[in-house]
Amino acid sequence: MSDNWQPQVPVVEIKAGPTGGGPDGVKGSENESHGGTRKKIVVVGLGMVGISFIEKIMKLDARRREYDIIVIGEESHLAYNRVGLTSFFQHRKVENLYLNPKEWYSSCPPGSLDYHLNTKVTEIHLEQKLVSCSSGETVPYDVLVLATGSDALLPKHTPGHDAKGVFVYRTIEDLEKLINFSAQRKGTVGAVVGGGLLGLEAAKAMMDLENYKQVKLIERNRWVLSRQLDSDAGGLVVEQVRDLGLEVLLSKRVGKIEVTEDNAVKGVVFEDGQKMGCSTICFAIGIKARDELARKAGMKCADRGGGIIVNDELKTSAPDVYAIGECASWENQTFGLIAPGIEMADVLSFNLTQAKVHSYRKFKRPDLSTKLKLLGVEVASFGDFFADRDGPKHLPVRAGRNREGSPDALHKLTDGPAPSPVKALTYKDPFQAVYKKYLFTLDGKYLLGGMMIGDTKDYVKLVPMVKNQKMLEVPPSQFILGASKEGDDGGDDLDDDTQICSCHNVTKGDVCNVVKDGSCKSIGDVKSCTKAGTGCGGCMPLVTSIFNSQMKAMGNEVKNHICPHLNYSRADLYNIISVKQLKTLEEVMKEVGNDPESQGCEACKPSIGSIFSSLYNKHVMSKPLMGLQETNDRFLGNIQRNGTYSVVPRVSAGEITPDKLIVIGNVAKKYNLYTKITGGQRIDMFGAKKQDLIPIWEELIKGGMESGHAYAKSLRTVKSCVGTTWCRYGIGDSVGMAVRLEERYKSIRSPHKLKGGVSGCVRECAEAQNKDFGLIASDKGFNIFVGGNGGASPKHSELLAKDVPPDDIVPILDRYLMFYIRTADKLQRTARWLEALPGGIKYLREVILEDKLGICASLEAQMEELVGTFFDEWAEAIKDPSIRTKFQQFDNTTETLDTMEMETDRGQTRPVYWAKEPAKEDFKNTKWTSLTWQPMIEASHFKGADDTPSGISANVKRGDTQLAIFRVKGKWLASQQMCPHKRAFVLSDGLIGDSKDKLWVSCPHHKRNFELTGEQAGRCQNDEELSIATFPAEEREDGMVYLKLPPVHELDGVLGTKKWMVKKGESGERPFEKLDRKIGPNGTRMKGRKPEAAKALADCWGPGEGNIDW
């Protein structure tokens, strides 16, 4: 501050901190300046252009740190999206319009940004380099940037302009006033004066309020959007908006506003004398640059139209003072669109930071092309769109040379004016409401501009043709005829310098680059990094297409949304959760969910749970995670047909000691488990009851075994032949390598199950070439194959690398598996993932072997961290008392019930086959004779349910009936336990889904979803033939949960376990009954027969019986 400057009033210099507060609770920054030699930039105006400049200069100045910034905003809100003002009428939340969240301002490096709201700058002191504020405080500057914007025009010459009910459409405050006033004028007529872009936006906003019985638009010209469209195009827009319910009055000028005795609007009188009644008038007739600060300081301003005069470097007439945005007048023009302002911010931020080592950029004639959706109508104008009416502003150099010399005065008198150097190609389809007019040079070699209504998808391709003034390679007619080609909405054929977001001057290359360098892994990230789509939003389809294409090119394919609750693919969600370190479903929903309070559903919960495990590897049965798991993960075993579970210890590479075989045999015999050798070379035990799982695994773990994760979407097995361990043909230790790989990758959760294989020679006994990853030994090491699988769609794997030394196997597989985990879609096997990967195996080699993306080190480090977190889930489960209590059939008694009959087959017991038909009784509408409240279970069982995804459920027994009780989202719910689809008693183990106030339970067997709330409680959402009975539930002061139930005998008569358990014979004829009659049970009659005798026996069956080609 200069010592010899004497202000008229005492002033206080602002050092840091807020000078005023806003209604959004943000009072201002508290960053302390570092002091030192950094220059201070003061920005007056916290609007879209002001914040754009701040963002850009902070980014460009990040290394040098030459500047500290103070921004002073007159409004009480942080910078918001003025282009998207209309959406405020739907959500009424200013925060939804913020261009940056509140946290962004405080997260800036200390001292780099101070901001002040609710503060008006009243004077600029050029000599002292100070600005004064209305509070009496002053702020010194080294560089002053004026981004004061503009004011909405109000016709103060019109009588009644100051009446109650007269508004403009410019700021949040304007909208809030309009919203409040409209609520007092319900059922009246609202009017908008001005048929330009802003007028149509205001008209839509007033219609969205739904307080006015009619909204009328008053336009002085013969059509709307007269600054962007010709009469034909404007007339088509008028027709369309009238069809949407907006009354449009054309060629009308307001002469006077009629008012009541208390100065409230009651109507308007037009200049032609006609009157129109209305209660509200919103003027949207233009803007006026806010240059009063500059004028008061003696800076040069434009006389006509206003604005602070700036040169090509955006300097004003005062030293170290710049002006950008709507307040700036460049070549006697001010610009009311956001795009030129963003371009000014670009130029100025570059010049203040980079020009010292480069060269100064100049602001050039901006592109005023516009593409918007107004009242549901697609509208676009680009280039010199009035070149046919006003003459071309600029002609390409070659086109200008081709023109003959200008006629002299005599020829003008005798021959008339010269023909226009422009030809128009017009297309109009009244049936589809499509209008296009493209303007070309006389020879048709250059596109000058045009306009579009209805179909604007070619806009982004045409704009760069005009800007670059390239000679066209096709005749003009193809611009019309080719415009309706299907599937041409993407950006693959666009150059990198093509502007795709005109609001923020974002090019295709900008989007591609932030995706390529890894800084943006979702559409949300792209919007934050580049600002594309944060203005009018009209570019988002193209931005999304370019983003998707670039992600595909990197192997990070963007696919369908994971479910209705989340508008992200599994790959997107993985990246979001990883980057933001989200660790609960609640955090995910609040961060990226469509409904922040949602509990998710059976589709997204397991995917989110899997992602958590892939990133953090916590126990899946811990309270925050258990509610996300499918039933298999929820009880660490695959649920079987009769509600029992399988038990599968890990047998790495199929290698097992006799002692461990004995342990498995003893357990299977003790608990009467059905045993089978699996295709993955391990032993599976079936039929374990939930209440027996803990003691079973205690014995197995005591015997030196651990979980095989057969229940999880994770590594199952790495199959091997015996290789050099025993085989005379083996050339590689396949067992040793398979053991090492299975031990390394065991328990790691992935988008789908993983299977591996290692063969000791080319005879391929381990079938490594149909696995997710497989190795085949060679003389020089191992050949690595990836992306194969069996299953419903078998696929041979593809060669990734050849003759890899054993020491290099693990790093390559680490990269491959982690790249798959990061980028695959929900439930996508590696085979389908590799098929969908752009460039296929060639691209995968480039990423994994050549480090094309520069991420190999990251992939290896992440896998190393994940491997290091291994623990045996069953060993932890049996030690945790809170987990042990979950393993019982009923939660209110130690009694048990069989839910399906068993039968003996080949010396082992198994459940009978499922019944042919489901239970189609109308359980939902059961008419009970009476209902009384009955205590069923202690409420303490559900402790913590409201903080757990899916809440907490219980299976309770009453008489012979099984009931499911749920505590979720603060509600008590109850239903029958039996899913009628297969008559399986499993509903309490199902995942809970929600949509708004609707809750449903998804059967863990086949995902039949049954509603639990509302008038349709009991209805099956995906099978109308099925339903379940539901019952009222509540907690009482005695600490018990009560259900309102019928008498026991009546309940058992409708829902009893004995009534509905599947019994032998209900499936109809046994699957091999006819065959067994011929060859004996299980083929016993054929045992020991030679082929000739077997054929003779088959011949006696007669023609058509065997159908065997011997």
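**Entry on F53.** I began with F53, which touches I41, V43, V145, I324, A345, L348, S349 and L352, once residues up to four places away in sequence are set aside. The model I am reading is a predicted one. I then asked which residues touch the most other members of the largest nonpolar core. They are I41, F53, I54 and I324, in a core of 106 residues.

**Entry on the whole protein.** I stepped back for the totals. I noted 34 helices and 50 strands in the protein. How much of the protein do buried residues make up? They make up 55% of its 1110 residues. I also looked up how far apart along the chain the contacting residues are. Among contacts with a separation of 6 or more, 64% come from residues 24 or more positions apart.

**Entry on helix 1 and helix 8.** I returned to F53, this time as a residue of helix 1 in its contact with helix 8. Helix 1 covers residues 48–60 and helix 8 covers residues 338–353. Their axes are 9 Å apart, and the packing angle is about 30 degrees. The two helices are therefore roughly parallel to each other, as the limit for that term is an angle under 35 degrees. I recorded their crossing as right-handed. From helix 1, the contact takes in M48, V49, S52, F53, K56, I57 and L60. From helix 8, I listed I338, G341, I342, A345, D346, L348, S349, F350, L352 and T353. Sorted by class, the residues of this contact are 11 nonpolar, four polar and two charged.

**Entry on helix 18 and helix 19.** Next I looked at helix 18 (residues 585–592) against helix 19 (residues 604–616). I found a packing angle of about 110 degrees and axes 11 Å apart. That angle makes helix 18 roughly perpendicular to helix 19. Which residues meet here? L585, V588 and M589 of helix 18 meet C604, K605, I608 and F612 of helix 19. I counted this contact by class as six nonpolar, no polar and one charged.

**Entry on helix 25 and helix 27.** Helix 25 passes helix 27 in a right-handed crossing. I noted I812, R815, Y816 and F819 on helix 25, with L844, V847 and I848 on helix 27, as the residues making the contact. They divide into six nonpolar, no polar and one charged.

**Entry on E378.** I looked up single residues after that. E378 is in strand 23, residues 377–383. Is E378 buried or partly exposed? I put it down as partly exposed, because its relative accessibility is 24%. I then checked E378 against D455, which is 77 residues away along the chain, and found their C-alpha atoms separated by 6.7 Å. Leaving out residues up to four places away in sequence, E378 touches K371, L372, K373, M452, I453, G454 and T456.

**Entry on Q769.** Q769 is in the loop between strand 33 (754–759) and strand 34 (773–778). I found its C-alpha atom 5.7 Å from that of H796, a residue 27 places away along the chain. Setting aside its neighbours within four places in sequence, I listed E764, I776, F785, K795, H796 and S797 as the contacts of Q769.

**Entry on two leucines.** Phi of L314 is near 70 degrees, a positive value in a residue other than glycine. I placed L314 in the loop between strand 19 (308–310) and strand 20 (321–323). With a relative accessible area of 0%, L314 is buried. Phi of L636 is likewise positive, near 55 degrees. Where does L636 lie? I found L636 in the loop between helix 21 (631–634) and strand 29 (645–647). L636 counts as buried, because its relative accessibility is 2%.

Definitions and conventions:
Residues are numbered from 1 along each chain as its sequence is written. This is a predicted model: local features need pLDDT of at least 70, side-chain atom pairs count only at pLDDT 80 or more; totals for chains, interfaces and linings use all residues. Side-chain values use heavy atoms; hydrogens and water are left out. Axes are lines fitted to C-alpha atoms, for helices over the stretch in contact, and angles run from 0 to 180 degrees between N-to-C directions. Helices (H or I, at least four residues) and strands (E, at least two) are DSSP runs, numbered from the N terminus. Angles under 35 degrees count as roughly parallel, over 145 as roughly antiparallel, 65 to 115 as roughly perpendicular and the rest as oblique. Contact means heavy atoms within 4.5 Å. Ala, Val, Leu, Ile, Met, Phe, Trp, Tyr, Cys and Pro count as nonpolar, Asp, Glu, Lys and Arg as charged, and the others, Gly among them, as polar. A crossing is left-handed if the near helix is turned anticlockwise from the far one by less than a right angle, and right-handed if clockwise. A nonpolar core is a set of buried Ala, Val, Leu, Ile, Met, Phe, Trp, Tyr and Cys residues joined through side-chain atoms within 4.5 Å. Buried means under 20% relative accessible area, exposed over 50%, partly exposed in between (1.4 Å probe, protein chains only).
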